[in-house]
Amino acid sequence: MEQFLSFPCPGCGALVDDNWNQFCPDCCEKLQMTSSSHCRGCGGGIDGILDYCSKCLQFGARPWQNAYSIFEINQFGREMIHRYKYRNGVELARAFARLGAEKICSTNEHFDVIVPVPLHWLRYLHRGYNQSQLFGLALQHELNIPMCNLLKRCRHTRRQASLNREARIKNLKNAFVIRNQPQTKGLSVLLIDDVFTTGSTLTEACRALPLAKVTVMTIGRR
Ligand SMILES: [Zn+2]
Ligand SMILES: [Zn+2]
């Protein structure tokens, strides 16, 4: 006998058939997905014929080759990210990763390794999990690319949310180091984090990977 199983959508809880750890169609509609023609600097939309948006052109060179983000943070996206980060919404990792993998698979890009932006151990103890690492583990499963905790946060930094761009850059100076000096020359890295705001966290993390070819991906961007 055929079995029909229903699973709750991690976004709204609605039961959907054969929908294990995926957003239901309603939730997918409510998330404002980024377009496939995107800015290589920030993962947002482009407003001209170049590969970079006017804001990024002003901003100056980024230390990565390309940037992806799954969705623009609207009200629903903010709720999802907030639950994921601060209210133990770990079940969302897989649903985000499915969307992220879809995005990567629609390109010709190939990556050797997925590297999550690390949390300082104090914050890790406080939260109990690293949201970027969970997203990375789920992406590893979807894309069949190994995830490796190559980076270590060597300084406890203030939360970035309340800081402006200059203060963010200062706050993060030399916050990351690479573990055990592995061979990273020419390594194609997908560096992942939860939210893209100014890109300063990712920029600082890239500094610890100067020999690698880095592409960044975040769950949301604002
Ligand atoms: Zn839903
Ligand atoms: Zn841009």
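The axes of helix 7 (residues 165-172) and helix 8 come within 9 Å and cross at roughly 30°, where axes are lines fitted to C-alpha atoms, for helices over the stretch in contact, and angles run from 0 to 180 degrees between N-to-C directions. Helices (H or I, at least four residues) and strands (E, at least two) are DSSP runs, numbered from the N terminus. This is a predicted model, in which local features need pLDDT of at least 70 and side-chain atom pairs count only at pLDDT 80 or more, while totals for chains, interfaces and linings use all residues. Residues are numbered from 1 along each chain as its sequence is written, and chains are lettered from A and ligands numbered from 1 in the order in which they are written.

**The helix pair**
- Helix 7 and helix 8 are therefore roughly parallel to each other, a label given to angles under 35 degrees.
- Arg 165, Arg 168, Ile 169 and Leu 172 in helix 7 meet Ser 200, Thr 201 and Glu 204 in helix 8, a contact being two C-beta atoms, placed from the backbone, within 7 Å.

- Five strands form an open sheet with mixed pairing, in the order 3-4-9-8-5; two strands pair if DSSP finds at least two bridges between them.
- Strand 3 and strand 5 stand at the edges with a single partner strand each, so one side of each is left without a neighbour in the sheet.
- Strand 3 (residues 32-33) pairs with strand 4 in the antiparallel sense over 2 bridges, and Gln 32 has Glu 72 in strand 4 as its bridge partner.
- Strand 4 and strand 9 run parallel and are joined by 6 bridges, with Tyr 68 standing opposite Met 217 in strand 9.
- Strand 5 and strand 8 also run parallel, joined by 4 bridges, and the bridge partner of Val 113 in strand 8 is Val 189.
- Helix 6 packs on this sheet, touching strand 5, strand 8 and strand 9, and its direction makes about 130° with that of strand 8.

**The nonpolar core**
- The largest nonpolar core has 51 residues, and those with the most contacts inside it include Phe 96, Phe 135 and Val 189; such a core is a set of buried Ala, Val, Leu, Ile, Met, Phe, Trp, Tyr and Cys residues joined through C-beta atoms within 7 Å.
- Strand 8 gives the largest share of this core, 6 residues.

Note on methods:
Buried ≥ 20, exposed ≤ 12 C-beta atoms within 10 Å, placed from the backbone. Parallel < 35°, antiparallel > 145°, perpendicular 65-115°, else oblique.
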